[in-house]
Amino acid sequence: SYGFGKTDKCPYFYFSDLVVGETTCDGKKKMYEYMAEFKAVHVMQLPNSASDDASRALWKSEILRLQKVVEDRFGTPITEAALREAIILKNRERRALANFYRVGQLNPPALSGSDILKVVYGATFRFDKAALIDELNDMADRVRLQWQEGKRLAARPRILITGCPIGGAAEKVVKAIEDNGGWVVGFENCTGAKATERCVEETGDVYDALTDKYLAIGCSCISPNDQRLSMLSQMVDEYQADGVVDVILQACHTYAVESLAIKRHVRQQHDIPYIA
């Protein structure tokens with residue numbers, strides 16, 4: 001991220017007026033300090049717990065602080081009505097994304113993991129949400145119809161990916177699995193289901209709803225990270241996984257250390273192979 005910003009290689013970064021970061025990992029936390037030397041940066045401070053009242057209060061106050069920074073910087077008030085409208089639109093996008101990547105539950109598969117990842121990762125660069133939602137749902141319908149008509153991949157071991165985000169160079173992990181006789185059928189990692197499966201409540205206080213949603217993400221910066229284990233178990237069953245591959249980026253120490261707990265969980269609770 002720093003390199004893309006410093007060298008102007010990323011047009012999204014170049015044309016942005018504000019970078020919003022968060023303290024999920026120690027590497028990013030320090031990197032934002034350096035980035036702030038040449039770009040406007042706002043950092044959201046994350047709690048380390050998802051369950052206690054103090055942590056919840058901290059995260060809610062960070063959402064409100066971000067709102068004020070954005071309002072002040074761009075001279076645009078953000079109303080609760082506008083937030084609710086955005087929540088509804090973003091939930092529609094989450095449901096469309098999940099509708100698409102759940103084609104990985106088909107057995108034998110309809111698509112390779114590489115193809116699923118291209119769509120899911122590519123969706124993060126689309127700003128016309130309404131058009132994206134329609135495209136995702138159309139693609140999912142088309143793939144399922146073709147699968148019913150017999151367009152299927154050969155049966156192979158079904159692999160579930162967990163761990164850090166995959167994009168750019170990390171895609172080589174998916175390629176390595178599929179070049180060596182497996183199919184990646186699901187992504188429980190940060191690029192996939194982790195942030196998408198749960199929607200934001202569309203009724204009640206919008207700030208409480210946003211607080212609850214984002215604290216419920218099974219990120220390894222949260223301790224204990226029970227939410228990751230429960231989603232992993234759910235996806236092992238729903239995607240009929242034969243094995244789990246844990247992708248760990250070098251700077252992400254919390255995922256690296258948590259890999260022991262994930263290995264124990266996968267092997268003991270599900271009796272399937274695990275590798276980091």
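Visitor: Which residue forms a salt bridge with E197?

Guide: Side chains of opposite charge can pair when their charged atoms come close. A salt bridge here is a side-chain nitrogen of Lys or Arg within 4 Å of a carboxyl oxygen of Asp or Glu. E197 pairs with R102, with 2.9 Å between the closest N and O atoms. E197 sits in the loop between strand 4 and helix 9 (206-215), and R102 in the loop between helix 5 (80-101) and helix 6, so the pair ties together parts 95 residues apart in sequence. Helices (H or I, at least four residues) and strands (E, at least two) are DSSP runs, numbered from the N terminus.

Guide: A word on the source. This is a predicted model, where local features need pLDDT of at least 70 and side-chain atom pairs count only at pLDDT 80 or more, while totals for chains, interfaces and linings use all residues. Residues are numbered from 1 along each chain as its sequence is written, and side-chain values use heavy atoms, leaving out hydrogens and water.

Visitor: Are E258 and R228 buried or exposed?

Guide: Buried means under 20% relative accessible area, exposed over 50%, partly exposed in between (1.4 Å probe, protein chains only). Both E258 and R228 are buried. They form a salt bridge, the closest N and O atoms being 2.7 Å apart. E258 lies in helix 11 and R228 in helix 10, so this pair links parts 30 residues apart in sequence. Shared partners join E188, K194, R228, D246 and E258 into one salt-bridge network.

Visitor: Where do E33 and K30 lie?

Guide: Both are in helix 3 (residues 26-35), 3 residues apart, about one turn of the helix. E33 is partly exposed at 46% relative accessible area, and K30 is partly exposed at 45%. The structure holds 19 salt bridges.

Visitor: What do the buried residues of helix 10 pack against?

Guide: Contact means heavy atoms within 4.5 Å. The buried residues of helix 10 pack against strand 3 (158-163), strand 4 (183-187), strand 5 (243-247) and helix 11 (253-269). Among them are R228, M231 and L232. Q240 follows helix 10 and has a positive phi, near 50 degrees.

Visitor: What is the order of strands in the sheet?

Guide: Two strands pair if DSSP finds at least two bridges between them. The open sheet of 4 strands runs 4-3-5-6, with parallel pairing. Strand 4 and strand 6 (274-275) stand at the edges with a single partner strand each, so one side of each lacks a neighbour in the sheet. Strand 3 and strand 4 pair over 4 bridges. I161 stands opposite F187 in strand 4.
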